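Hi there,

Here is the structure I promised to pass on. Have a look at it first, and my notes follow below.

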Amino acid sequence: MNAIIALSLFGISNLFLGFLNNRKILLPATLVFILIALGLNFADWNHEYYWFNNMLKTNNLSVNFVTIILLSTFLVVAISRSFGDDDEHSHPAEYYAILLFSAVGAIMMVTFENLIMLFVGLEILSVSMYVLTGSDKRSLRSNEAALKYFLMGSFATGILLFGVALVYGATSSFDIHGIAQGVAKAKEQMGGAYGPLLYSGVILIMVGLLFKISAAPFHFWTPDVYDGAPSIFTAFMSTVVKTAGVAATYRILSISFPSVYGLWGNPLVYIVCATLIIGNITAVYQQSFKRMLAYSSISHAGYLLITVLAKRPETNSSLLFYSLAYAIATITAFAVLMVVSEAQAKNGKADESFEALNGLANNNPLLAFSLTISMLSLAGIPLTAGFFGKFFVFSDAFSNPSSLFKWILVIAILMSTVGIYYYFKPIIAAYMKKGEVAKIELSPLYKFILILTTTLTILLGLAPDLVKNIF
Amino acid sequence: MTMLTDFGYILLFIIAAIVFVAVILFLAKLIRPNRPNEEKLTTYESGEEPDGNANVRFNIRFYVVALIFILFDVEIIFLFPWATVFGNKRLIAETDGLWGWFSLVEMFVFVGVLLIGLAYAWIKGHLDWVRPEVKTTEYESKIPTSLYDKINQKYSQ
């Protein structure tokens, strides 16, 4: 948990490193900072610690989640290429610092023991993301995205806070284990029923968190914000924010409210089905690769929520494996999208449509191959990490005795076949469509990251037990 | 009679506050003289004559200065509760004076973090108010200035 303190200090030192006016030093410095934080994180392995007056708690589950978050942050920073060389309009020191600060918020969201910490972590993460979304100040789309995200995001945070207040009213505790006891006591007093205070509180907390992971029907901001934000920050948003949001949702629902499963389980069934259907069906109609990835991130929120809903003992490791597979594949896809869309820019505007990928494989075999593997992984084709992610999630749902899960599974499997259609669009464009993409020069670090993520995706697809045993 | 919960007291406070304000305003309306004139009805602007519309755009730099001001304003708010526990005689006696040093260091850490923020804003140049720089044109006329002087002399008589 010293990672939180270390990352905050590193963020501040990053701000001051920016005054050296040396772009070359920032990228390696940030990577080293994240690696140090990762090392500090592993120090908590196999212990159950309470931190800061019972505000945070670390255990193996939280260490694993923090590892995924820091790994995603590392990969995103590694493909950032120092944010170009436009000295006047881009501020790499500030961007890196904000990325580190938002990682702090994400870590708080997976380790919180007190709802106050959940709120603080969520706000650190969200406010950083509002700023980064609008960081391309001269682009109208980026400004629009930042404003939309800010208005809707702060509204959602308000709803979450209202829920926290109501739950406090019902159980007189902010502590997540204290709430669990309060809920059990309230249930006992009322003879198995639960009062309107607890009911509305739990629902409002759920709404606030589901907004952040963009589950339908709270997903309306996602396509515009993901599309408008600079690609590098979209990659960060769709991996780190999603992982932290799902982990926080799972943590509060599984620890505080397991005894009132019916209260949050029933609405969540509809939310999962709606998320799967809306995310996948709408993604089919997209012309822009980036927008398609936004809808794909909505649909993956649906798959992740299935296992939260199934509430099995294996849910922990399934969530972790799915998040890891999804994060690696998504970052690879964005890495390819970034360089290709810049190389295909028309009138100074990056081209993010599927047509930009036409004929990619002729001159850039590495980019095309990485793209293919990441798309296969997102679609859940065997021999990639995504297949086992889906496999674990679906088997969780299958082993739940309730017959309702058979129907959820039917929808989920139908929707992943729909997914295969749109995930193959970029592959077909890269290998079969006629087009010309000039050879794109990649830095050694960029190449290394592409090879690393692709290898990891295949490796986890061949031998999922490598990490499944740890999780 | 049932006991009030803690939230009940808060509700009573809210009701009492609303009733109090309403009663006082109503009483004031009953006993005060009512002689409005134009001066009394204008907007109060520290004795200045209000001029123009209030709905104009402010320079963005006002916000940066306001933000830094708020930062230190909030710092003062945190210093007040700290000051009450810092000089707590019982705690100091119990810890042989260690408590005083501990709380002093804690507060220096807090102020130090804020100072780092100020230093950042300073180096970034957010504290420099832009002065309008007069740009002189670099055009050099082929006509010498003495010519103008001669013309002035010639026609001034």
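**Helix packing and the core**

In α6(A), the residues Ala156(A), Thr157(A), Ile159(A), Leu160(A), Phe162(A), Gly163(A), Val164(A), Leu166(A), Val167(A), Gly169(A) and Ala170(A) meet a set from α8(A): Leu197(A), Leu198(A), Ser200(A), Gly201(A), Val202(A), Leu204(A), Ile205(A), Val207(A), Gly208(A), Leu209(A), Phe211(A) and Lys212(A). Please keep in mind that this is a predicted model.

The axes of these two helices, α6 (residues 140-171) and α8 (residues 196-212) of chain A, come within 7 Å and cross at roughly 150 degrees. Angles over 145 degrees count as roughly antiparallel, so that is how α6(A) and α8(A) run relative to each other. The crossing of α6(A) past α8(A) is left-handed.

Next, the core. The largest nonpolar core holds 164 residues, and Ile69(A) and Met109(A) have the most contacts inside it. Its largest share, 19 residues, is supplied by α13(A). Setting aside neighbours within four places in sequence, Met109(A) touches Leu118(A), Gly121(A), Leu122(A), Leu125(A), Ala244(A), Ala247(A) and Ala248(A).

From first C-alpha to last, α15(A) reaches 21 Å with its 15 residues, close to the 21 Å expected at 1.5 Å a residue. It is mostly covered, with 12 of the 15 residues buried; among them are Leu367(A), Leu371(A), Ile373(A) and Met375(A). The buried residues of α15(A) pack against α12, α13, α14, α16, α17 and α18 of chain A. Just after α15(A) comes Gly380(A), with a positive phi of about 85 degrees.

Best wishes

Technical notes. Residues numbered from 1 in each chain as written. Chains lettered and ligands numbered in written order. Predicted model: local features only at pLDDT ≥ 70, side-chain atom pairs only at ≥ 80, totals over all residues. Helix = DSSP H or I, 4+ residues; strand = E, 2+ residues; numbered from the N terminus. Expected span 1.5 Å × (residues − 1). Buried ≥ 20, exposed ≤ 12 C-beta atoms within 10 Å, placed from the backbone. Contact = placed C-beta atoms within 7 Å. Core = buried A, V, L, I, M, F, W, Y, C linked by C-beta atoms within 7 Å. Axes fitted to C-alpha atoms, helices over the stretch in contact; angles between N-to-C directions. Parallel < 35°, antiparallel > 145°, perpendicular 65-115°, else oblique. Left-handed = near helix turned anticlockwise from the far one by under 90°.
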